[in-house]
Amino acid sequence: MGPSPAGLGRATAFAPASVGNVAIGFDILGFAVDALGDRVTVARRAAPGVTISAITGTSTDLPLEPERNTAGRALLAMGASLALDFGLDMRIEKGIPLGSGLGGSAASAVGAVVAANALLAAPCSKLELLKFAMEGEAVASGSLHVDNIAPSLFGGLVLTVGIDHPRVKQIPVPPSVRAIITHPHMFLSTKQARAILRRSVDLSDFVWQTANLAGFISGCYTNDLDMIRASLEDVVIEPQRQALIPGFADVRRAALDAGALGCSISGAGPAMFAWALESRAEAVRAAMQGEFARHGVQIDDWIVEFASLGARVIGGE
Ligand code: HSE
């Protein structure tokens with residue numbers, strides 16, 4: 001595929017942060033958080049291949065070699081698959097802190113492929129872009145998982161089934177529900193947070209977690225807040241990871257006491273999220289702030305709706 005007047009010469013995309021797992025959907029469920037995100041600019045260049053000319057913003061200590069960079073690897077996968085006969089240069093402006101559990105590596109990869117797509121005469125579908133971005137995410141976490149990539153790309157609460165042939169489903173969220181996001185100022189490596197996980201699951205925990213995932217999804221489709229409250233609980237991963245987050249049990253308890261529908265780790269952590277009715281969201285936020293403060297942990301926090309459109313082009317020429 002060669003240069004075409006139909007495609008832009010340069011495009012900038014915004015890709016939102018995301019909460020992976022959503023407690024009960026380890027590696028398969030996530031929701032987009034538009035309050036923060038990465039901006040990626042991709043420009044055509046004559047020489048084939050991918051270059052990264054700058055990384056700015058919240059994390060600048062990231063590899064500029066495309067093979068070692070999540071966004072770079074995603075563009076390499078895209079370029080190879082489409083047999084592009086022009087090159088791509090990329091500038092990444094990080095808005096998502098590294099190692100926060102808010103899908104920063106996924107957002108960079110998603111932003112890269114969405115921006116690059118705007119340069120093509122025959123743009124790819126979002127499902128094709130998802131596969132390219134997945135290649136990038138594998139660099140950061142050491143595994144192919146889609147729970148951050150898919151919501152960052154599509155927006156909203158997203159379930160993804162399958163890896164080689166992923167099927168993506170945007171799940172409706174009751175309009176009265178908000179997410180409260182808290183980000184402790186500390187770094188947690190996704191690779192390490194995955195390495196500590198046991199390889200097997202007790203049969204009773206499997207049954208419980210399966211019921212919770214099914215209950216949660218059905219509660220979302222039927223606007224059943226009682227079902228969401230009963231099922232938004234991770235009995236498999238959270239017990240193994242919670243010790244990595246200072247104050248986790250107290251923060252979670254305080255959120256639930258303040259009326260949260262559920263509260264758990266965002267992705268691999270250390271960020272935490274809660275769901276609550278809009279009328280309880282401020283109280284839940286205050287409760288989580290208070291407990292983190294009591295444990296001497298500084299945080300940023302946001303209350304967000306589920307209105308994200310996912311990654312999009314925000315400029316170009
Ligand atoms: N599902 C992944 C994990 C998300 O929990 O390891 C990483 O952001």
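Tutor: Start with arginine 194, where a polar side-chain atom lies 2.6 Å from an oxygen atom of the ligand. The model is a predicted one, and this distance is computed from it, as are the other values below. In the side chain of aspartate 27, an N or O atom is 2.5 Å from a nitrogen atom of the ligand. For aspartate 147, the distance from a side-chain N or O atom to a ligand nitrogen is 2.7 Å. Asp27, Asp147 and Arg194 are among the residues that surround the ligand.

Two loops deserve a look next. One runs between β1 (10-20) and β2 (29-45), and alanine 23 lies in it. Alanine 23 is not a glycine, yet its phi is positive, at about 75 degrees. The peptide bond leading from glycine 269 to proline 270 is cis, with omega near 10 degrees.

Two packed helices are described by the angle between their axes and the distance between the axes. Helix α9 (residues 248-257) and helix α10 (residues 278-294) have axes that come within 8 Å and cross at roughly 155 degrees. Angles over 145 degrees count as roughly antiparallel, so α9 is roughly antiparallel to α10. The crossing of α9 and α10 is right-handed. On the α9 side the contact is made by Asp250, Val251, Ala254 and Ala255, and on the α10 side by Val284, Ala287, Met288, Glu291, Phe292 and Arg294. By class, seven of these residues are nonpolar, none polar and three charged.

The second pair is helix α1 (residues 70-82) and helix α2 (residues 104-117), whose axes come within 8 Å and cross at roughly 40 degrees. That angle makes α1 oblique to α2. Their crossing is right-handed. Helix α1 contributes Thr70, Ala71, Ala74, Leu75 and Met78 to the contact, while α2 contributes Ser105, Ser108, Ala109, Ala112, Val113, Ala116 and Asn117. Here the residues divide into eight nonpolar, four polar and no charged.

Definitions and conventions: Residues numbered from 1 in each chain as written. Predicted model: local features only at pLDDT ≥ 70, side-chain atom pairs only at ≥ 80, totals over all residues. Heavy atoms only, no water. Axes fitted to C-alpha atoms, helices over the stretch in contact; angles between N-to-C directions. Helix = DSSP H or I, 4+ residues; strand = E, 2+ residues; numbered from the N terminus. Parallel < 35°, antiparallel > 145°, perpendicular 65-115°, else oblique. Left-handed = near helix turned anticlockwise from the far one by under 90°. Contact = heavy atoms within 4.5 Å. Nonpolar A, V, L, I, M, F, W, Y, C, P; charged D, E, K, R; others polar. Near = heavy atom within 4 Å. Polar contact = N/O pair within 3.5 Å; in protein donor to acceptor, adjacent residues only side chain to side chain.
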